[in-house]
Protein chains: 2
Amino acid sequence: MGLARRLSSRRLYTGRVFAVDLDEVEEPGGVHAQRDVVRHSGSVAILAITGDDRIVLVRQYRYPVDAQVWELPAGRVDPGEQPLDAARRELEEETGLSPAQVAPLVTYFSSPGFCDEVMHLFRATALRPVPTRPDPDERIEVAFVSRDEARAMIARGELRDAKTLLALLLESERGRSAQ
Amino acid sequence: MGLARRLSSRRLYTGRVFAVDLDEVEEPGGVHAQRDVVRHSGSVAILAITGDDRIVLVRQYRYPVDAQVWELPAGRVDPGEQPLDAARRELEEETGLSPAQVAPLVTYFSSPGFCDEVMHLFRATALRPVPTRPDPDERIEVAFVSRDEARAMIARGELRDAKTLLALLLESERGRSAQ
């Protein structure tokens with residue numbers, strides 16, 4: 001801990017993807033509080049752009065929101081793994097594409113009010129095909145959409161995932177400042 | 001449930017801000033899985049723009065990420081509350097400003113891989129002052145930043161909150177298409 005003083009901490013749940021802690025803390029400014037927190041190991045997502053300027057999206061069923069969701073290739077950072085390596089790994093596993101160039105886009109907190117998840121967004125180019133290794137409980141559809149199609153999907157409300165919207169908006173801004 | 005068949009469900013934790021369920025489900029495509037899910041009542045955030053074209057930001061300590069975070073005014077949707085009313089309420093509580101005009105910007109999933117949180121973003125203008133009613137365990141600093149300052153904060157990595165980044169990028173895009 002840096003800014004707060006943790007008076008006590010109880011791990012209430014340990015799952016495969018996240019854990020839950022109930023902490024008693026003294027926060028900056030002397031606020032005394034009980035905080036329940038979702039603990040997550042961190043996530044990566046990767047905006048991959050093909051040689052013919054298409055964006056790689058994946059569609060999969062997401063049980064928490066009970067919907068098929070279009071997203072960037074993404075996943076969790078494994079213990080000890082660097083975010084950049086995780087992003088590259090997830091892209092390969094989900095789409096069968098390996099990038100020669102990967103650069104960081106932005107790193108942000110997904111829901112800092114109750115969850116410590118940090119999302120690392122990357123941008124990848126110079127893609128080449130490799131064998132896919134999807135997780136056994138994943139059913140993933142891959143699509144290659146033009147920038148105009150991506151914009152139209154946002155306008156129609158078909159892109160509803162935070163990281164994907166954020167990466168596409170950053171990419172759109174980047175395109176303009178390069179002009 | 002719409003797309004999945006829930007075979008069993010156990011509520012493992014009920015907190016003030018979120019709950020945790022462990023569900024056994026059959027997902028589309030016949031995938032049989034155990035899913036632990038963070039259940040959240042939904043959130044709102046509001047991009048408020050003053051008469052002299054400044055953006056209203058709030059800074060507060062967020063225990064989950066142990067950091068002082070610059071964000072849009074935001075909060076949870078109360079049971080039975082409409083998202084637009086929640087957004088208006090949070091703006092008033094945190095900043096003492098009440099908007100005459102509020103329009104939806106975008107609605108998205110914060111972390112659809114493990115959490116059902118839906119974030120409703122709004123845009124507010126025509127602000128007038130009202131008395132503030134901060135929560136007793138909140139210490140909130142309010143700032144009014146120009147568009148250039150907001151852009152510089154993003155470039156310096158000082159804006160690290162998903163909803164805030166997303167709203168500012170949407171606003172920036174809106175500004176250009178209006179030109």
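The centres of domain 1 of chain A and domain 2 of chain A, taken over C-alpha atoms, are 30 Å apart. Domain bounds here come from an automatic or database domain assignment. Domain 1 of chain A covers residues 5–39, and domain 2 covers residues 41–177.

The model is predicted: local features need pLDDT of at least 70, side-chain atom pairs count only at pLDDT 80 or more, and totals for chains, interfaces and linings use all residues. Residues are numbered from 1 along each chain as its sequence is written, while chains are lettered from A and ligands numbered from 1 in the order in which they are written.

The overall form of chain A comes next. Its C-alpha trace spans about 55 × 40 × 30 Å along the principal axes. Three helices and ten strands make up the secondary structure of chain A. Helices (H or I, at least four residues) and strands (E, at least two) are DSSP runs, numbered from the N terminus. Along the sequence of chain A, the pattern reads β-β-β-β-β-β-β-α-β-β-β-α-α. Chain A has 179 residues, and 39% of them are buried. A residue is buried if 20 or more other C-beta atoms lie within 10 Å of its own, exposed if 12 or fewer, and partly exposed in between; the C-beta atoms are placed from the backbone. Contacts were also sorted by sequence separation. Two residues are in contact if their C-beta atoms, placed from the backbone, lie within 7 Å. Among contacts in chain A between residues at least 6 apart in sequence, 58% join residues at least 24 apart.

The two chains were then compared. Two copies of a chain are related by a rotation about an axis and a shift along it. Copies are superposed by least squares on the C-alpha atoms of residues with pLDDT of at least 70 in both. Chain A is superposed on chain B by a rotation of 180°, with 0.0 Å of shift along the axis and an RMSD of 0.0 Å. This is the relation of a two-fold axis. In chain A, the residue that comes closest to the rotation axis is A:Leu166, at 2.8 Å (C-alpha). Both copies use the same surface: 100% of the contact residues of chain A recur in chain B.

Each chain gives 50 residues to the contact. On the side of chain A that touches chain B, two or more residues come from each of β1 (5–14), β2 (18–27), β3 (31–40), β5 (55–62), β8 (97–109) and α3 (162–177) of chain A. The largest share, seven residues, belongs to α3(A). By type, this side of chain A holds 30 nonpolar, seven polar and 13 charged residues. Ala, Val, Leu, Ile, Met, Phe, Trp, Tyr, Cys and Pro count as nonpolar; Asp, Glu, Lys and Arg count as charged; the others, Gly among them, count as polar.

Strand pairing was examined in chain B. Two strands pair if DSSP finds at least two bridges between them. An open sheet of three strands runs in the order β1-β2-β3 (chain B), with antiparallel pairing. Strands β1 (5–14) and β3 (31–40) of chain B are at the edges with a single partner strand each, so one side of each has no neighbour in the sheet. From one strand to the next, the twist averages 20°. It is an angle between N-to-C directions, on a scale from 0 to 180 degrees; axes are lines fitted to C-alpha atoms, for helices over the stretch in contact. Strand β2 (residues 18–27) of chain B is antiparallel to β3(B), and ten bridges join them. B:Ala19 faces B:Arg39 in β3(B) across this pairing.

B:Asp66 counts as partly exposed because it has 17 C-beta neighbours inside 10 Å.

A:Ala126, in strand β9 (residues 118–129) of chain A, has a positive phi near 60° and is not a glycine. With 13 C-beta neighbours inside 10 Å, A:Ala126 is also partly exposed.

B:Ile46 belongs to strand β4 (residues 43–48) of chain B. B:Ile46 is buried, with 30 other C-beta atoms within 10 Å. Leaving aside residues up to four places away in sequence, B:Ile46 touches B:Leu72, B:Pro73, B:Ala87, B:Glu90, B:Leu91, B:Phe122 and B:Ala124. B:Ile46 and B:Ala167 are 121 residues apart in sequence, yet 8.4 Å apart in space, C-alpha to C-alpha.
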